[in-house]
Amino acid sequence: MDLVIKNGKIVTATDVYNADIGIENGKITEIGKELRGDETIDAKGMIVFPGGIDIHTHLDMPFMGTSSSDDFKTGTIAAAFGGTTSFVDFSIQSKGDSLSKTVETWKKKAEGKAVIDYGFHVAVTDATDSVIEEIPKMAKEGITSLKLFLAYKGSLMIDDGGFFKVLQKAKESGSLVMVHAENGDVVDILVKKLLDEGKTDPIYHWESRPDKVEGEASGRAIALAEMAGAPLYIVHMTCKEALDKVRMARDKGLPIYAETCPQYLLLDKERYKEPDFGGAKYVMSPPLRMENDRKELWSGLVNGDLQVISTDHCPFFFKGQKDAGKGNFAKIPNGAPGIETRISLIYTEGVLKGHFGINKFVELVSTNPAKLFGMFPEKGTIAVGSDADIVIFDPKKEIVLKAENLHQNVDYTPFEGFKVKGYPVKTIIDGKIIIDDGNFTGTPGQGKFIKRKTFKVL
Ligand code: DUC
Ligand code: ZN
Ligand code: ZN
């Protein structure tokens with residue numbers, strides 16, 4: 001065997017046990033006792049779990065007059081430091097472009113740069129008949145999820161007719177439709193009203209996107225999916241108003257899924273009041289919510305109404321990018337970084353603070369994303385035959401998160417000063433150690449495109 005991980009405690013979504021893992025040609029070939037290989041890692045005292053899978057990222061994305069600041073090299077190195085070994089990024093259709101061209105554009109961004117494995121969703125912003133007809137071809141090429149925005153009027157937003165047509169075709173093709181659920185028409189009116197009243201600070205971003213805007217759009221998206229007989233995945237859920245819609249749908253037995261992100265679990269709207277334009281760091285859509293919403297999200301994870309924790313990693317520099325919105329909150333590029341901090345934050349805040357156990361943690365950050373997005377069982381678990389994408393995690397390692405110590409290409413983290421206990425010390429991708437006790441040992445371009453399978457119910 002090429003590599004053996006010895007003496008670790010293996011954790012999957014279902015099991016916890018002590019065993020060695022044998023790896024050959026990038027795959028797990030044996031799990032047992034007393035295994036021997038050319039190279040050995042002693043994982044005594046460590047937790048060994050399947051690499052994190054982040055199915056919601058925006059690397060090198062043109063948006064709001066600028067581009068997200070991590071490209072496929074910096075963003076994936078940061079991901080690997082944080083224990084994420086695969087991700088699915090959003091390729092976003094420019095109006096007039098075909099879906100094939102869209103995905104090709106994003107593949108070029110990744111090639112030669114990504115250090116972890118990657119897939120793409122395709123975001124449909126212009127649902128013409130020819131674009132709808134491309135959906136089955138996309139699915140055959142491994143692009144088995146589509147994204148629609150019900151917000152960002154005048155740029156990314158799609159109308160209900162376009163949304164419905166995509167849902168119908170996706171169902172036929174075995175693809176999963178993902179939706180950014182905020183009512184873009186209402187947001188547009190509220191933004192104009194606030195600006196007319198001279199309300200320009202970052203806090204008014206929050207006021208322009210109330211929780212009912214998300215609740216309404218979530219309920220509408222679910223109703224359209226039900227009418228099309230299609231499954232639906234709602235991204236970055238933030239609040240009770242929206243979660244209640246998912247709860248009702250799932251109680252009816254509908255295949256409705258939703259994710260949340262660390263920022264919505266751990267931060268709230270008070271952040272928008274940070275002085276010196278500091279609130280701009282948290283300008284993302286949907287916005288941070290109230291304390292009670294955070295509680296509801298934790299309970300949604302525990303009860304299974306939310307199945308995934310992803311990041312919506314979409315970084316912009318505070319100095320040089322976010323400041324485009326000084327004097328007009330609507331010009332602050334929406335988004336925040338998080339690809340590097342997800343795993344450790346959720347272990348600390350979710351497992352150590354007693355919200356859920358370690359199997360559930362693995363399920364939320366790796367196994368469920370792999371299952372819902374057509375990557376299981378090659379990814380998302382530790383089993384014979386699976387890809388050797390593995391994290392060796394020191395449960396005793398304590399770190400205070402600071403932007404200056406992270407690898408994301410951005411000058412802040414929304415989690416500055418958060419104390420975490422438990423941190424990845426080695427990250428293995430395809431059987432290769434690419435993070436080795438704080439050092440990057442991988443090669444840009446080693447990450448491979450993941451041709452994903454069609455959708456299966458969870
Ligand atoms: N929300 C963000 O905050 N950034 C990128 C896109 C999105 O929907
Ligand atoms: Zn979104
Ligand atoms: Zn997003």
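**Close-up views of the predicted model**

Figure 1. A backbone N or O atom of Ser285 lies 2.8 Å from an oxygen atom of ligand 1. The protein covers 99% of the 240 Å² of accessible area that ligand 1 has on its own (Shrake-Rupley method, 1.4 Å probe; for residues, only the protein chains shown count as cover). A polar side-chain atom of His180 is placed 2.9 Å from an oxygen atom of the ligand, and a nitrogen atom of ligand 1 is 3.2 Å from an N or O atom in the side chain of Tyr152. A polar contact is a pair of N or O atoms within 3.5 Å; within protein, one must be able to donate a hydrogen and the other to accept it, and residues adjacent in sequence count only if both atoms are side-chain atoms.

**Figure 2. Helix α6, residues 184-196.** The 13 residues of α6 reach 18 Å from the first C-alpha to the last, close to the 18 Å expected at 1.5 Å a residue (1.5 Å times one less than the number of residues). Helices are DSSP runs of H or I with at least four residues, numbered from the N terminus. Gly184, Val187, Val191 and Leu194 are buried (under 20% relative accessible area, 1.4 Å probe, protein chains only; exposed is over 50%). Seen down the axis of α6, the buried residues fall within an arc of 90°, so they line one face of the helix; the arc is that of the directions from the axis to the C-beta atoms. They pack against α7 (203-208) and α8 (211-228), whereas Ile189 and Asp196, on the other side, are exposed.

**Figure 3. The ends of α6.** After α6 comes Gly198, with a positive phi near 80°.

**Figure 4. Thr76 in helix α1, residues 74-81.** Thr76 counts as buried because its relative accessibility is 0%. Its side chain reaches the backbone oxygen of Lys73 at 3.2 Å. Beyond neighbours within four places in sequence, Thr76 is in contact with Leu59, Asp71, Phe87, Lys113, Ala114, Val115 and Ile116 (heavy atoms within 4.5 Å).

Residues are numbered from 1 along each chain as its sequence is written, with chains lettered from A and ligands numbered from 1 in the order in which they are written. In this predicted model, local features need pLDDT of at least 70 and side-chain atom pairs count only at pLDDT 80 or more, while totals for chains, interfaces and linings use all residues; side-chain values use heavy atoms, leaving out hydrogens and water.

Conventions. Helices (H or I, at least four residues) and strands (E, at least two) are DSSP runs, numbered from the N terminus.
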